[in-house]
Amino acid sequence: MATTNITLTTTTRMALARTPILEELHLWALLGYTCVTGTLALICLLCAHQLQKAHDREAAREAREARRGDYAPWSVVTENGAKSTSPWRPRAATYARIAAYAFAWWALSVSFTLVNKYFLYYWKPPTKPGVFVPPGFPFAVTTTTLHLTMKVVLSTLTIRWRQYRLAKRLASDEASAEEANSIVVPEQLSSSARWKYAYSTGATTALDIATSNLALLFVTVSFYTVAKTTTLAWTLIWATLFKLEPCRLRTFFIVLLIVGGLILATEGERHQTYGFSVVGTILVLVAACLGGARWCLTQALFAHDTACAEDPVVVVYHVSPAGVLTLLPIALLWEFPRLWFWAKLVSTEGVVAAFSFACAAGCIAYLMLLAEVKLLHETSSLSLSVGGALKDVSQIALASVTFGDEITVASAAGLALVIAASLAYAKSRSGRRRAAS
């Protein structure tokens, strides 16, 4: 029977070169990590809920007794009179919520990166009889466009549900002023603000995610993780250029440390069995640069719209449509002809599976953003940086087990240097905020 082949592009040749890894993938490790961290997140969330309910019941009971004049709730009697103390249940509930958000963030973030790598590079699509298609779904821009489309859909549904809930509560006169203010509903941006902040942030975000997904076609997850952490260096550079942060000597040294860590990681990648990809390195560095600009533009959007600073859903609601409009022409002009040819070679189940896979990944990305911001609201940027460092280490370790990534001494030293610089900056910034307050 005749065999049909796709034209061997650079990406295809790389996929074929690593085809033997397909037989040695340990996807059970990724599945086990996701199940364990997800289960821990659920357990912590349930514990927080039960602790909060128990606290509310106890507070209501003691409030009733206090109204009868029995005793002062949540207090102990000292020689100077009643002195209020904090109950242990609310603190325990807070710690349980923080643990739940941390485990959920780790599960979603690490799984999202590794599943993206598997889908774009190793996944075997079902094909028609007698047809050979190289492994993977090498259409990163199309995949990113579907991710952002799902974010548009989910954020719009969330905002519409909030508007309906707020209108219903206000109409029934059941909502207090505090409760009404807690339901964040975005205001319509002016035309100039939409172009200056929302569209620029959305376009930069889309290009950042697209180049990150493209980089996964060429580099290992371990090198990608280290190189992407240089986003902090680019953020400091962009913040200085935009005058969002003053130029300090400490900032300069932090950038130098991050660059040194990247050089060490690059040296480690060069000694990988499957070689070093200049194209992949350039792509991930471009993604880090765009990521730095993205966060600076997001900070400017926060300053313009307070609702964005209060809720990440509002940010996604404003910026994601611009991201879709940015990537859609690129996907149609660059990837659609090859995607159409690919769709003719795979079976209908393969096309449906690819579309479903990309849409599901978009939902995971949306939930990951919510978990990350919830964790930031419950803790601090320093705690989030520590959690991010642990997440990066677990992501590299899991990639070495799942995909067989080689972790050299240089790569490990580069990651340690970048993490140390990131934590130093987070601690310095946290100290400046405390001093300012």
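Q: At roughly what angle do the axes of helix 4 (residues 140–171) and helix 12 (residues 312–345) cross?
A: In this predicted model, the axes of helix 4 and helix 12 come within 7 Å. Angles over 145 degrees count as roughly antiparallel, and that makes helix 4 roughly antiparallel to helix 12. The crossing angle itself is roughly 150°.

Q: How many nonpolar, polar and charged residues make up the contact of helix 4 with helix 12?
A: Let's stay with this pair, in which helix 4 passes helix 12 in a left-handed crossing. The residues of their contact divide into 17 nonpolar, nine polar and four charged.

Q: Is Thr 142 buried or exposed?
A: Thr 142 has its place in helix 4. Leaving out residues up to four places away in sequence, Thr 142 touches Ala 331, Glu 335 and Leu 339. Its relative accessible area is 14%, and buried means under 20%. Thr 142 is therefore buried.

Q: Which residues is Leu 114 in contact with, leaving aside its neighbours within four places in sequence?
A: With the sequence neighbours set aside, its contacts are Leu 30, Val 221, Gln 395, Leu 398, Ala 399, Thr 402 and Phe 403.

Q: In which hand does helix 7 (residues 221–228) pass helix 10 (residues 278–304)?
A: The axes of helix 7 and helix 10 come within 9 Å and cross at roughly 35°. In this contact, Phe 223, Tyr 224, Ala 227 and Lys 228 of helix 7 meet Thr 281, Val 284, Ala 287 and Ala 288 of helix 10. The residues divide into six nonpolar, one polar and one charged. As for the hand, the crossing is right-handed.

Q: How far apart in space are Ala 412 and Phe 223, C-alpha to C-alpha?
A: Ala 412 lies in helix 15 (residues 409–436) and is partly exposed, with a relative accessible area of 40%. Along the sequence, Ala 412 and Phe 223 are 189 residues apart. In space, their C-alpha atoms are 9.9 Å apart.

Q: What distance separates the C-alpha atoms of Leu 370 and Tyr 101?
A: Leu 370 is found in helix 13 (residues 348–378) and counts as partly exposed at 24% relative accessibility. Not counting residues up to four places away in sequence, Leu 370 touches Pro 312 and Val 313. Leu 370 and Tyr 101 are 269 residues apart along the chain, and their C-alpha atoms are separated by 9.2 Å.

Methods
Residues numbered from 1 in each chain as written. Predicted model: local features only at pLDDT ≥ 70, side-chain atom pairs only at ≥ 80, totals over all residues. Heavy atoms only, no water. Axes fitted to C-alpha atoms, helices over the stretch in contact; angles between N-to-C directions. Helix = DSSP H or I, 4+ residues; strand = E, 2+ residues; numbered from the N terminus. Parallel < 35°, antiparallel > 145°, perpendicular 65-115°, else oblique. Left-handed = near helix turned anticlockwise from the far one by under 90°. Nonpolar A, V, L, I, M, F, W, Y, C, P; charged D, E, K, R; others polar. Contact = heavy atoms within 4.5 Å. Buried < 20%, exposed > 50% of the residue type's maximum accessible area, 1.4 Å probe, protein only.
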